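Here is a briefing on a predicted model.

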Amino acid sequence: MYQVRTDLALEAREKFEEDHVEIKGVRLDEEQVTPEIHISSVVIETENGAKAMGKPKGNYVTLEAANMTEEDEDCHREISVQLSKILKRLLPKKKEFTTLVVGLGNRAVTPDSLGPRVVDNLCITRHIIKEFGKYVLGDSCQKPVSSIVPGVMAQTGMESMEIVRGITKETGPDVIIAVDALAARGTRRLNRTIQITDTGINPGSGVGNHRHALNLESIGIPVIAVGIPTVVDAATIVIDTMSNLLDAMSQAEQMRRIGSSYEKLDIMEKYELVRELLTPQLNTMYVTTKDIDEAVKQLSFMVSEGINLALQED
């Protein structure tokens, strides 16, 4: 059966709400931090909840801001600050720890280049601290941070997990922060949402290209994943468009029968219908925004700044 493809735990939970299904073992907390920034926390507490959601047990924090890609430095700074606060809650509680930041994705494909671009803007300190001591950095002193951009299997012939596990074994970090572009179920969340989770990440899962997971079980140390949805399934766009069209035409008597029949379908039946109507070339297509170049540039700066703030010495 076709599954709604999304990397966002919040969207997975919303799907159950749309179907009026209650999920036991899954908790949702929401907070309006500022008029522009909304934070939702989905906590999957049980194995049954994890099975229903299709995601591992753990914490999934979603930061949403409609003007995330607009030219507003104050808003960008506030988003980075809120991201750093969320990361600090998930990072190790001990004062001294080392961090490996992994930039997942393909630098040559703009919607998939978020991870590598975030790494480009990070404050990398491990080599300096190892050579000269942490106080050489002065007031901007940060914890030891190293980074790697493992590329994709088509470029390296290796799984990202294999590369990261080898580097982890050699350098011995205490925690990994993995940054990747995600896929969303709804167009309204493209480039406007940051998901932070302590469960690790499955690179490519949102677009059906499942690779080996980066998590505590596969790597041996905690993995915090940070991601932003940059693409959406073409079938989702068609479904949203059909729903909007039927809503707009609901006043027309001749269209009510069509609209009524369509609305009786659940979300999975709607997806199946749309995929049957789409040509084979379209039903595997993923779509991004026309300003994705500038969006990824701004988003990468925001995420890297949030990580830099989270890893500063207290």
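A nonpolar core is a set of buried Ala, Val, Leu, Ile, Met, Phe, Trp, Tyr and Cys residues joined through side-chain atoms within 4.5 Å. Buried means under 20% relative accessible area with a 1.4 Å probe, counting protein chains only. The model is predicted: local features need pLDDT of at least 70, side-chain atom pairs count only at pLDDT 80 or more, and totals for chains, interfaces and linings use all residues. Residues are numbered from 1 along each chain as its sequence is written, and side-chain values use heavy atoms, leaving out hydrogens and water.

**Cores**
- The largest nonpolar core has 34 residues; Ile-79, Leu-87, Leu-91, Val-179, Ile-194 and Ile-307 touch the most other members.
- Elements giving two or more residues to this core include helix 3 (73-90), strand 6 (175-184), strand 8 (223-233) and helix 12.
- Beyond four places away in sequence, Ile-79 touches Ile-37, Leu-63, Ala-65, Met-68, Ile-194 and Met-302, where contact means heavy atoms within 4.5 Å.
- A second, separate core of 18 residues includes Val-102, Ala-178, Val-223 and Ala-225.

**Helix 12**

**Whole protein**
- The protein has 12 helices and nine strands, taken as DSSP runs (helices H or I, at least four residues; strands E, at least two) numbered from the N terminus.
- Buried residues make up 49% of its 314 residues.
- Among contacts between residues at least 6 apart in sequence, 73% join residues at least 24 apart.

Technical notes:
Buried < 20%, exposed > 50% of the residue type's maximum accessible area, 1.4 Å probe, protein only.
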